[in-house]
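Me: Please examine the following structure with me, and let us proceed by question and answer.

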Amino acid sequence: MLALLSYLLAAAAGAAIAAAVLSVRRRALSSKAPGGEQAVPTQSLAELQRFRAVVDICVDSIYMVDRETMKFVDATATASSRTGYSREELLQMGPLDLLKVSREDLISSYDEAIAAGVQGVRSESTGRFKDGSESFVELNRQAVWIDGRWIIVTISRDISARKIAERSAQRFARMFAALSDTNEAIMRVSSPEDLYQRVCEAAVHGGRLLAASICMPGEHSADAQIVAVAGTGAEKLRDVRLSIDGSTAEGRGLVGTAFRTQTPCVSNDFLNDARTAHWHEAARQAGIAAGAALPLVQHGRAIGVLLLYSAEQNAFDDEVVQLLMHMGRNVVFALDNIKREAQRKIAEGQLRAADARLKRATRGANDGLWELDVPSREMWVSEHFAEMFGYEQQDFLGKGEKFFNILHAEDAARLRDAMERTIREDVLVDMEVRAKTRAGESRWYRVRGALERSADGAPLTVSGSQRDITQRQQYALALLEATETAAAANKAKSQFLANMSHEIRTPMNGVIGMIELLLETPLNPMQLDYAETVRDSAAALLTVINDILDFSKVEAGKLDLEMLDMDVRDTVEDVARLLAIQAHAKGLEVIALLDPSLPDLVRGDAGRLRQVMLNLGGNAVKFTQKGEVSIECKVVQKDERGVMVRCEVRDTGMGIPASRIDALFKAFTQVDPSTTRRFGGTGLGLSIVKRLVELMDGEVGVSSEEGAGSTFWFTARFGVAQDSAKVRPAPPIALRGQRIIIVDDNMTNRKVLMGQLSLCGMEAVCASSADEALSLMRHAAAARRPFEVALLDHQMPGCDGATLGKTILAENGLSGARLILLTSSGQRGDGRMFSELGFAGYLLKPVTHRDLTDCLMMVLGTQAEGWRMATQPIVTRHALRSQRVREAQHHVLLAEDNVVNQKVACRILEKLGYRVDVAGDGQAAFEAWQSGRYHLILMDCQMPVMDGYETTRKIREHESGRKRIPIIALTAHAMKGADNECRAAGMDDYLSKPIDREQLEQSLHRWLNEAGGDSAPQEKAAG
């Protein structure tokens, strides 16, 4: 091959130098090279040109060098393109310009080629190119004698890829050796410090690296300390601290970057890498050419860095880095193993200590120990076990029949079955058995045991302990007897409370009911004063009675909640309306502010919520002399279980001294406990409130500033309504988009009304004074967008609602608005007076959402002229109720045996707009129901002939095929369980006596509306 190449090269060279070559060839033919070497053969110019073309396309570079001048005499096109020099430039150069070799070594190599003859010589070197780059080259040289000179023909082949692969393989082998050494070290180390040092030594000795170290960060430090090091400069580097803080130049180096990013950080040209500038001088002195920092990551957290240095550039290629990362993972794995081994040793020590303690405890314990060998069924017992029965240990050893023989026959059979079940199913033995001692005494014992299996899962033994529990059993029996005695006493107490409730409430129902009816008859001023005094005194007495009875329930643990679907908005508005009666008499405002996000229906106890709010609201009205009382309810949490509501009752009263706040919710405690106090009360109300709120899974509290008022708050959790279909009806579509102006100097009132009107979809605007209202109305009229309705507060400073109304009605551009007056101080005859002024509506505060909506529907259904000309009656709350009664008048059956209660209930029902019939006993009520004339039954629970419970059950049994009629219980019993008893009999609702008109009205409205239009009774044809 070399001979052929030399032939081709000689031919190509001759073609390059044209005629000169021909002359050389002639001379070569006539002469011999020194030593008898072959000369260039004779060839034609065309042949030489063809040879030259073939050589120029050769992938290897070919050069011809004059041995004497050490200059190129020719070079192929490949040589020119490979080096980046033109042919002309190459002919001005020599091999020393392209090779990293000394002149002496090059001359020696040429001389070897001359001496080798046709065999030539092969060597490797590093080539340099015009652009400054370098590569590894393989050089095949042969000497040719031409024209009396030695021409050295060199074939240069680029072997960079091969050399890099060879070096990479060598490095990989060294790193693999380091990994093997590391794995071997892992098997031998017993501490992290030993592990770190072994790993560093493996990297240096096995991996042939310059140096290796492991850096570990401090607990709360931005530095890492070198805890192990091997190789060059090891002693100087030990315990050195390196910054890993990214804000410092040192911290942005290899170690800090690897630690923060938890990824390898490699520099294969260390001395020219900006990241390593901080260490360039030291690295140059140490001979460092490349470096790699490998993070040690444990459970997702960097715990240290393995830092490696090499004297060779590009020492850390991807494969080597991956191998080193594997070595790092092995280090972390070894750390975990060391930790687990330490934990195992600690656990073993603890186990040994526990075993020793158990042995000591067993020796000193009062329990008897036993063990049953499953295959042989032989039994072993401790000495104390036998002593418990008065026998010797030897008496129980063997087949174990002695133990079962002294047990009660029934208990012996149960214990045998329990042990067999333990053997079959591997469950624990835990039984209480009776046994007779040697002295004939019967005693109780607790026997416990567990199964132990062999390595292959076969049952080996059932072992356990036995304890004498005779004294405990005696205590339990005494406790049971005491509990039964207490339960009997509690039952008697509950029955007494129930009877007291009935005996007190029945006459109170007559007193309060009849006085209410009396007040609605014509009375002279003195009679009216007497009657009102009686009513107020009776109401105060009823409050005291209710507090005492409720507190008795709290003490007896009988206070409970009645969980039904309820409307929180209705309950709050009803409470506000009731409080307004007392508040308006004192010149106070009562405001109800409701969160629009309150659900339509929730599951809870409406009666108890009403009781809590009336108590807090009543206190607010009682202790406030001027200003307002506001009730706010808002949603604080809503989830799949229901809703948590926070209610706040704020007043502008006298406030509470800080020293008395902590005692407020304790029984029989008042802010002013003296006998000369201005305000009465039992001091039980707030303690009952606290208990009720706790039953509603809530909290109660107060914030107050003396002289500035108080805020009582509570939270209550309500469940999801069971009948979610019964939601509040949507606001009338006719109100949507209607323009309305609210005129009120009280900001809270404006906020409440804006919230109510926004639910109706109305376009509402607020004004805080008469002047502002007139300005807004005039601008709206000028813009041809007049207000359809104006809600005017009666009591405003400067200009009251009546005066403002007159001004509006007197101005042509504004008189088209319908005027509705809102007042908190209504007096008899006010409705007629405002009707004469031209007002369309007159409502007492606080205004419920339903009353406001119905009033707006009625006034918007008629032109404003109807009221301005006094041809249309003014809309009042009584007019609204009358309208509702006319829309659906219902027929009610009252089942009541007490004549006074009959009179009271009938008058209340008639005044509410219902037709009512009376049945004097349960049998009469059943027969009246069969007539089919009634929409609802009010059922007294205690009646002669047939009581209310039995009557209800009988009605329900005969309702098959007929519409279910609502039945509301009326009872003087107010104890826990009365409501459950009523519902168990088939009743739908429950009202306690004395009858509260508002509660009765709500209950009737609820059940009659839920029944709907299809509940109309099926009147039987006459005759």
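Reply: A residue is called buried when its relative accessible area is under 20%. The model discussed here is predicted.

Me: With that cut-off, what share of the residues in the protein is buried?
Reply: Burial is taken as under 20% relative accessible area. The protein has 1023 residues, and the buried fraction is 47%.

Me: What percentage of the contacts with a separation of 6 or more joins residues 24 or more positions apart?
Reply: The protein has 33 helices and 34 strands. Among contacts with a separation of 6 or more, the share from residues 24 or more positions apart is 60%.

Me: In the open sheet of 6 strands, which strands stand at the edges, and why is one side of each left without a neighbour?
Reply: The pairing in this sheet is antiparallel, and the strand order is β8-β7-β6-β11-β10-β9. Each edge strand has a single partner strand, so one of its sides has no neighbour in the sheet. From one strand to the next, the twist averages 25 degrees. The edge strands are β8 (241-243) and β9 (265-267).

Me: Which residue in β8 is the bridge partner of Q225?
Reply: Strand β7 (residues 223-231) and β8 run antiparallel and are joined by 3 bridges. For Q225, the bridge partner in β8 is R241.

Me: Which strands does helix α10 touch as it packs on the sheet?
Reply: Helix α8 (residues 192-205) lies across β6, β7 and β11, at about 50 degrees to β7. The direction of α10 makes about 145 degrees with that of β11. The strands touched by α10 are β6, β8, β9, β10 (290-298) and β11.

Me: Which element gives the largest share of the lining of the second largest pocket?
Reply: This pocket holds about 480 Å³ of space. Its lining comprises 22 residues, with L237, W279, A282, I288 and Y309 closest to the centre. Two or more lining residues come from each of β6 (211-217), α9 (234-237), α10 (254-261), α11 (280-286) and β11 (301-310). The largest share, 4 residues, belongs to α11.

Me: How many residues in the lining of the second largest pocket are charged?
Reply: By class, the lining of the second largest pocket has 16 nonpolar and 5 polar residues. The charged residues number 1.

Me: Which strand gives the most to the lining of the largest cavity?
Reply: The whole structure has 9 cavities of 30 Å³ or more, and the space in the largest cavity is about 190 Å³. Of its 20 lining residues, Y63, L98, L99, L139 and S156 are the closest to the centre. At least two lining residues are supplied by each of β1 (61-66), α4 (77-83), β3 (121-128), β4 (134-146) and β5 (149-158). With 4 residues, the most comes from β4.

Me: How many nonpolar residues does the lining of the largest cavity have?
Reply: The lining of the largest cavity has 6 polar and 4 charged residues. Its nonpolar residues number 10.

Me: Which helix provides the largest share of the lining of the second largest cavity?
Reply: The second largest cavity has a volume of about 140 Å³. It is lined by 15 residues, and N749, V752, L753, P846 and V847 lie nearest its centre. The elements giving two or more residues to this lining are α18 (568-585), β18 (589-594) and α22 (747-759). The largest share, 4 residues, comes from α22.

Me: How many residues in the lining of the second largest cavity are nonpolar?
Reply: The lining of the second largest cavity has 3 polar and 3 charged residues. The nonpolar residues number 9.

Note on methods. Residues are numbered from 1 along each chain as its sequence is written. This is a predicted model: local features need pLDDT of at least 70, side-chain atom pairs count only at pLDDT 80 or more; totals for chains, interfaces and linings use all residues. Side-chain values use heavy atoms; hydrogens and water are left out. On a 1 Å grid over the protein atoms alone, a cavity is a set of points where a 1.4 Å probe fits but cannot get out, and a pocket is an open set with protein on both sides within 12 Å along at least five of seven lines; lining residues have an atom within 4 Å of a point. Grid points are joined across faces, edges and corners, and a volume is the space filled by probe spheres set on the points. Ala, Val, Leu, Ile, Met, Phe, Trp, Tyr, Cys and Pro count as nonpolar, Asp, Glu, Lys and Arg as charged, and the others, Gly among them, as polar. Two strands pair if DSSP finds at least two bridges between them. Axes are lines fitted to C-alpha atoms, for helices over the stretch in contact, and angles run from 0 to 180 degrees between N-to-C directions. Contact means heavy atoms within 4.5 Å. Buried means under 20% relative accessible area, exposed over 50%, partly exposed in between (1.4 Å probe, protein chains only).
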